[in-house]
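Student: Could you take me through this structure feature by feature, giving the general idea before each case?

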Amino acid sequence: MPFWLLNQVFSQVLQRPACGYPTPIVPVQFLGISARQVTSDASFRSASFSDTEHPRVLITGGLGQLGVGLAKLLRKRFGKDNVILSDIRKPSDHVFYSGPFIYSDILDYKNLREIVVNNRITWLIHYSALLSAVGEANVSLARAVNITGLHNVLDIATEHNLRLFVPSTIGAFGPSSPRNPAPDLCIQRPRTIYGVSKVHAELIGEYYHYRYGLDFRCLRYPGIISADTQPGGGTTDYAVQIFHDAIKSGKFQCYLKPDTRLPMMYIDDCLRATLEIMEASSDSLPMRTYNINAMSFTPEELAQEVVKHLPEFQVTYNVDAVRQAIADSWPMNFDDSNARKDWGWKHYYDLPELVTVMFSFHTSESRAAHA
Ligand code: VAH
């Protein structure tokens, strides 16, 4: 590239603040970034809506543990047809008939871009990811889905000024992080590909926010406990499985040691937090990545609470070394004081309420099944 042009390129770019003035007419390939990332007027403002106009929401990885519940909450808020669930698997009848569903593979950039354009999407909730335990068993797939997939989502979100939510996790911390509690800002050296990919998501999401003005928002979820959806290959899954087995057989075998303390949350608190941060005004978000917390407990404490509802319940332990090592590298407690201060986050469910609501769901479900 002729020197005079190189000089013009860098004098222009270095002068340009992260968000504000339109880019000078310099061929993007000379900027050393891929053309698909920046269009001339991109990323200087996130999509704003008139009061009547609701966001048009796309949820990727929609058939995982959280997508269906979030779609239900957002459809109540923004209308059924304004929330599109997507995944690479076929939905059940219940999901298919409860609102818009579309096939979407986040590794297929063109497919995802077409969906965003054809459905005039303004918000993207990115739930596609391989979780901790299944990620360790499929590192290259976890890297592709959790990292390459994320890059596709970031580029499309920037190109189309989307408000983008990407969940992170307690798994984004490692053994060198303060564990009791883990604050928002501290050393993050996780030991799983899942954790590494989520630290990357936090950092590159924030980079796109400060560099291109992308409206990126991220919450670090604790282990989420849901009644009607199965978790997928995580380390905190025991806290969901225990209720299924307790109702079915009155017995449960736990793959973590009885005193393994981990931060946990009931799904309704998690989904409400996700809606609240997505609706929060930008100026109430001095940070773009937040811990959110509700409770932390051990398998022993959870079992004791279950016994209050099922006196004959028995728990045994058969420790799985891989998941125990992951849990031992994670925070025992979570400091979410910034989320509470900045955008008014607060949880509703503690351990007793959690176990009560899980039993009420499962007993009504089993009663219905035996009716
Ligand atoms: C896992 N449930 O165990 C997930 C989550 C907070 C933990 O990321 O991997």
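Tutor: Asparagine 161 lies in the loop between α6 (139-159) and β5, where helices (H or I, at least four residues) and strands (E, at least two) are DSSP runs, numbered from the N terminus. This is a predicted model, in which local features need pLDDT of at least 70 and side-chain atom pairs count only at pLDDT 80 or more, whereas totals for chains, interfaces and linings use all residues. Residues are numbered from 1 along each chain as its sequence is written, and side-chain values use heavy atoms, with hydrogens and water left out.

Student: What is the phi of asparagine 161, and does the residue count as buried or exposed?

Tutor: Buried means under 20% relative accessible area and exposed over 50%, with partly exposed in between (1.4 Å probe, protein chains only). Asparagine 161 is not a glycine, yet has a positive phi of about 50°, and because its relative accessibility is 18%, asparagine 161 counts as buried. Arginine 120, in the loop between α4 (109-118) and β4 (123-126), likewise has a positive phi, near 50°, in a residue other than glycine; with 63% relative accessibility, however, arginine 120 counts as exposed.

Student: Which residues does the cis peptide bond join?

Tutor: The cis bond joins asparagine 180 and proline 181, with omega about 0°, and proline 181 is placed in the loop between β5 (163-169) and α7 (193-212). For contacts, the general idea is a pair of N or O atoms within 3.5 Å; within protein, one must be able to donate a hydrogen and the other to accept it, and residues adjacent in sequence count only if both atoms are side-chain atoms. Here the side chain of asparagine 291 reaches the backbone oxygen of alanine 182 at 3.0 Å; asparagine 291 belongs to strand β10 (residues 289-291) and, at 0% relative accessibility, counts as buried.

Student: How should I read the faces of strand β2?

Tutor: In a regular strand the side chains alternate between the two faces of the sheet. In β2 both faces are covered, with Val83, Leu85 and Asp87 buried on one side and Ile84 and Ser86 buried on the other; five of the five residues of β2 (residues 83-87) are buried, so the strand is largely enclosed by the rest of the structure.

Student: Which strands pair with β2?

Tutor: Two strands pair if DSSP finds at least two bridges between them. Strand β1 (residues 57-60) pairs with β2 in the parallel sense over three bridges, with valine 57 opposite valine 83, while three bridges also join β2 to the parallel strand β3 (residues 101-103), where phenylalanine 101 is the bridge partner of leucine 85.

Student: How do I read the faces of helix α10?

Tutor: Look down the axis and take the directions from the helix axis to the C-beta atoms, which define the arc. In α10 (residues 299-309), Pro299, Leu302, Ala303, Glu305 and Val306 are buried; these buried residues fall within an arc of 160°, so they line one face of the helix. On the other side of α10, Gln304 and Lys308 are exposed.
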